[in-house]
Amino acid sequence: MKIKKKLNAVRVPPLKKAIRVKRSSSNVEEESTVSKAIQNVKKVFEKKNVKPTKTVITPKIVKSYKPIKNKVKKKLSHKNNPRGLIYLGHIPHGFYEEQMTDYFSQFGEVTRVRVVRSRNTGRSCGYGYVEFMHPNVAKVAAESMNNYLMCGRLLKATYIAPEEQHGGFFHGKNWTKRFYPKIINRNKITKMKNANVSSEKHKRFVQSTQDKLAVLEKKLKEAGFDMKFTPIVDSK
């Protein structure tokens with residue numbers, strides 16, 4: 001019976017009360033530290049005379065109209081139906097666009113052919129490109145025509161994969177008998193020469209010719225030839 005009394009003397013409830021008291025005291029300490037920190041910050045602001053900045057919210061302007069976007073025409077891409085492309089090097093003289101289309105059509109359907117030419121003369125630069133409808137046909141054509149002897153020259157044919165293709169291979173217009181760079185430049189110069197000249201340009205031209213003649217007279221005089229160039233009287 002004595003042992004039971006000792007066990008009843010030691011119980012948990014008084015410990016719980018003590019824990020509750022400690023927790024309430026810790027909360028009071030935290031509140032006091034926070035209030036002290038706020039007071040210190042207020043004192044610092046009072047010393048520096050710093051006014052708290054107010055955030056001004058600007059209202060958003062709602063546009064009543066929709067901005068008009070310029071519609072850009074997209075170029076046709078062959079992503080769904082990739083084309084086969086071949087690079088041709090060491091092209092012999094006379095083997096140009098018409099001859100290349102006729103010759104390479106035996107492998108399959110040829111969509112485009114281009115021989116790279118000079119802008120000034122229109123002559124062939126010795127290389128070009130052939131485009132087929134199907135890439136498998138282009139592979140076969142490149143393998144069969146590489147190092148092929150034609151008119152004393154070894155053709156160099158390489159296959160260009162669809163991932164490496166771009167629009168620069170066929171940039172510009174194709175060369176024809178009616179349309180080529182030399183005749184375009186000639187037509188530009190003839191239009192410029194036959195155009196109506198203004199009076200100011202005519203005066204500049206006359207003055208520049210007179211200056212050139214004066215320089216030539218001086219050189220001839222130094223060489224021992226006394227000559228004078230008389231300008232033609234303007235009919236105007």
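**Figure 1. Leaving aside neighbours within four places in sequence, G128 is in contact with I86, Y87, L88, I91, R114, V115 and V116, where contact means heavy atoms within 4.5 Å. G128 counts as buried because its relative accessibility is 0%; buried means under 20% relative accessible area, exposed over 50%, and partly exposed in between (1.4 Å probe, protein chains only). The model is a predicted one, in which local features need pLDDT of at least 70 and side-chain atom pairs count only at pLDDT 80 or more, while totals for chains, interfaces and linings use all residues. Pairing of strand β3 with strands β1 and β2.** Strand β1 (residues 84-89) pairs with strand β3 (residues 124-132) in the antiparallel sense over six bridges; two strands pair if DSSP finds at least two bridges between them. Within this pairing, L85 stands opposite E131 of β3. Strand β2 (residues 110-117) also runs antiparallel to β3 and is joined to β3 by six bridges. Here V110 has F132 as its bridge partner in β3. The hairpin of β2 and β3 has six residues between the strands, and G122 in this hairpin takes a positive phi near 85°.

**Figure 2. Aromatic rings around F104.** Rings of Phe, Tyr and Trp (its six-membered ring) pair if their centres lie within 6.5 Å; planes under 30 degrees apart count as stacked, over 60 as edge-to-face and the rest as tilted. By this rule there are nine aromatic pairs. One of them joins Y103 and F104, which are edge-to-face, with 5.6 Å centre to centre and 80° between the planes. Y103 counts as partly exposed because its relative accessibility is 23%, whereas F104, at 0%, counts as buried. The centres of the F104 and F132 rings are 6.3 Å apart and their planes stand at 75°, so this pair is edge-to-face. The pair links distant parts of the chain, as F104 belongs to helix α3 (residues 97-104) and F132 to strand β3, 28 residues apart. F132 is buried, at 0% relative accessibility. F95, Y103, F104, F107 and F132 form one aromatic cluster.

**Figure 3. The buried and exposed faces of helix α3.** Which residues of α3 are buried? They are E97, M100 and F104. These residues lie on the same side of α3, because they cover an arc of only 65° around the axis; the arc is that of the directions from the helix axis to the C-beta atoms. The cover over the buried residues of α3 includes β1, β2, β3 and α4 (135-145). The face turned away from the buried side carries the exposed residues E98 and D102.

**Figure 4. R117 over the ring of Y96.** R117 lies over the face of Y96, at 4.8 Å from the ring centre. A charge sits over a ring if NZ of Lys or CZ of Arg is within 6 Å of the ring centre and within 35 degrees of the ring normal.

Definitions and conventions
Residues numbered from 1 in each chain as written. Heavy atoms only, no water. Helix = DSSP H or I, 4+ residues; strand = E, 2+ residues; numbered from the N terminus.
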